[in-house]
Amino acid sequence: MYGNIEYSRVLTKTATFTTLIALGGWISIAIPFLPLVPFTLQTLFILLAAVVMKRYAVLPVGLFILLGLCNLPIFHNGTAGIGVLLGPTGGYIIGFLPAALIAGLFLEKRSVYAGIAGVALASLIIYAFGSAWLALSTGMPFAAAVMIGVIPYIPGDILKAAAALIIGKRVA
C-alpha cells in the first residue's frame, strides 16, 4: 500500500479514534444512585468517528473492543477483558459497533437530517443493546434496565450527539 494516501488517512484516523474512545472511558462519572452504568465520553468519540470516518468508523470501534478483549485496560475506568463484556455494561460496549456503522452509513448521505437521524439511531442502538444485556446479566426486568441504563443518560447523550455533529463537520 505504499503511496496510497487514502489508506494512510484511514489508518491514522483509526488509531486516533481508537485512542480517543479509550480516553473517553477514563473520563467517567459514576452517578451515585445508578452504580451499574457509568457516564463516559466514549459515545461522543464513537459518534465523532462516524461523522469524520463515515462507514469506516467501525474500524476504531472494533479495534477498541478487540484491544479491551486482549486485556488492555481501555474500557471504562481502566477495566479490560471478557468479564467486562459479560458484566452489566457489556451490552453497551457491543452496541458501539453496530451504532458506529449505522451512524456512518447515514452520515454518508451528506444531509443534515440524515446526520441527525444517524446519530439518534446510533444512540438508540447503544441503548437497546445495553439495556437488553443489563436486564439479562442482572436478572432485572427490561423496564427497570431502561430506567437505570437509559433514561438518566438521555440529556447527556443529546449533548454528546450535537457536539459530535458540530465538531465533526469542522474536523472532516
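Visitor: At what angle do helix α1 (residues 5-26) and helix α3 (residues 58-69) pack?
Guide: This is a predicted model, in which local features need pLDDT of at least 70, side-chain atom pairs count only at pLDDT 80 or more, and totals for chains, interfaces and linings use all residues. Residues are numbered from 1 along each chain as its sequence is written, and side-chain values use heavy atoms, with hydrogens and water left out. Helices are DSSP runs (H or I, at least four residues) numbered from the N terminus; their axes are lines fitted to C-alpha atoms over the stretch in contact, with angles from 0 to 180 degrees between N-to-C directions. The axes of α1 and α3 lie 8 Å apart, and the angle is about 50°.

Visitor: Which term describes the orientation of α1 to α3?
Guide: Angles under 35 degrees count as roughly parallel, over 145 as roughly antiparallel, 65 to 115 as roughly perpendicular and the rest as oblique. The angle here is about 50°. The two helices, α1 and α3, are therefore oblique.

Visitor: Which residues of α3 make the contact with α1?
Guide: Contact means heavy atoms within 4.5 Å. From α1, the contact involves V10, T14, F17, T18, I21 and A22. Those of α3 are L59, P60, V61, L63, F64 and L67.

Visitor: What is the volume of the largest pocket?
Guide: On a 1 Å grid over the protein atoms alone, a pocket is an open set of points where a 1.4 Å probe fits, with protein on both sides within 12 Å along at least five of seven lines. Its volume is the space filled by probe spheres set on the points. For the largest pocket this is about 210 Å³.

Visitor: Which elements give two or more residues to the lining of the largest pocket?
Guide: Lining residues have an atom within 4 Å of a point; among them are V119, Y127, I154 and D157. The elements are α6 (112-138) and α8 (154-171).

Visitor: Which residues of α8 make the contact with α6?
Guide: The axes of α6 and α8 are 10 Å apart, at an angle of about 140°. That makes α6 oblique to α8. On the α6 side, G115, I116, V119 and Y127 take part. The α8 residues are I154, D157, A161 and L165.

Visitor: Which term describes the orientation of α5 to α6?
Guide: Helix α5 (residues 90-107) packs with α6 at about 160°, their axes 8 Å apart. The orientation of α5 to α6 is therefore roughly antiparallel.
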